Amino acid sequence: MSTTAVAPPMTLAPYRTRTGLTLVLVRHGEKGPPDAPRIEGFRGPPLTPRGHRQARRLARRLAGETFDHIYSSDMARSYQTAEHVREHHPDSKRLVIYTFPCAGAVDMM
């Protein structure tokens, strides 16, 4: 049985459009268990305790950024990561997490 390394959540280089819109893309924290079957359903498994720690660390890194909106897929692990980002942000009471239906995970490896 082979295992695939999963990168920790991290910010990717912010992308600024010609209109001045900045997108900051992040990856969700570790989901578990790592040896779970690949067919996970649309909501998928939630974050592991390690995944929550990763998401909190990411949220602390992003706390100084200015956000107008937070978007997340409806996958449990993605939404939980977005919640950590919102909770650690100074404008947490103003920020709303907008979800969109996800057709499933895309394996980029």
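The model is predicted, so local features need pLDDT of at least 70 and side-chain atom pairs count only at pLDDT 80 or more, whereas totals for chains, interfaces and linings use all residues. Residues are numbered from 1 along each chain as its sequence is written, and side-chain values use heavy atoms, with hydrogens and water left out.

**Figure 1. Overall arrangement of the protein chain.** The protein chain has two helices and four strands; helices (H or I, at least four residues) and strands (E, at least two) are DSSP runs, numbered from the N terminus. From the N terminus on, the order of elements is β-β-α-β-α-β. Of the 109 residues in the protein chain, 29% are buried (buried means under 20% relative accessible area, exposed over 50%, and partly exposed in between, with a 1.4 Å probe and protein chains only). Among contacts (heavy atoms within 4.5 Å) with a separation of 6 or more, 61% join residues 24 or more positions apart.

**Figure 2. Packing of helix 1 against helix 2.** Two packed helices are described by the angle between their axes and the distance between the axes. The axes of helix 1 and helix 2 come within 8 Å and cross at roughly 40°. Helix 1 is therefore oblique to helix 2; angles under 35 degrees count as roughly parallel, over 145 as roughly antiparallel, 65 to 115 as roughly perpendicular and the rest as oblique. Axes are lines fitted to C-alpha atoms, for helices over the stretch in contact, and angles run from 0 to 180 degrees between N-to-C directions. The crossing of helix 1 and helix 2 is right-handed, a term for the near helix being turned clockwise from the far one by less than a right angle, with anticlockwise giving left-handed. On the side of helix 1, the residues that meet helix 2 are His52, Ala55, Arg56, Leu58, Ala59 and Leu62. Their counterparts in helix 2 are Gln80, Thr81, His84 and Val85.

**Figure 3. The largest nonpolar core.** Nine residues make up this core: Leu58, Ala59, Leu62, Phe67, Ile70, Ala82, Val85, Leu95 and Ile97. Helix 1 and helix 2 each supply at least two of the core residues, and helix 1 gives the most, with three. A nonpolar core is a set of buried Ala, Val, Leu, Ile, Met, Phe, Trp, Tyr and Cys residues joined through side-chain atoms within 4.5 Å. With residues up to four places away in sequence not counted, Ile97 touches Ile70, Ser72, Tyr79, Ala82, Glu83 and Arg86.

Figure 4. Thr81 lies in helix 2 and counts as buried because its relative accessibility is 2%. Leaving out residues up to four places away in sequence, Thr81 touches Arg27, His28, Gly29, Leu47, Ala55 and Leu58. His84 is also found in helix 2, which spans residues 76–87. The relative accessible area of His84 is 9%, so this residue is buried. Beyond its neighbours within four places in sequence, His84 is in contact with Leu47, His52, Ala55, Arg56 and Ala59.

Figure 5. Pro49 belongs to helix 1, which covers residues 49–62, and is exposed because its relative accessibility is 61%. Pro49 and Gly29 are 20 residues apart in sequence, with 9.4 Å between their C-alpha atoms. Arg56, in helix 1, counts as partly exposed at 30% relative accessibility. Between Arg56 and Gly29 there are 27 residues of sequence separation and 9.2 Å from C-alpha to C-alpha. Residues up to four places away in sequence aside, Arg56 touches His84 and His88. Arg60 is found in helix 1 and counts as exposed, at 52% relative accessibility. The C-alpha atoms of Arg60 and His89 are separated by 7.9 Å, and these residues are 29 apart along the chain.

Figure 6. Leu25 is found in the loop between strand 2 (22–23) and helix 1. This residue is exposed, with a relative accessible area of 51%. Leu25 and Tyr71 are 46 residues apart along the chain, and their C-alpha atoms are separated by 9.6 Å.
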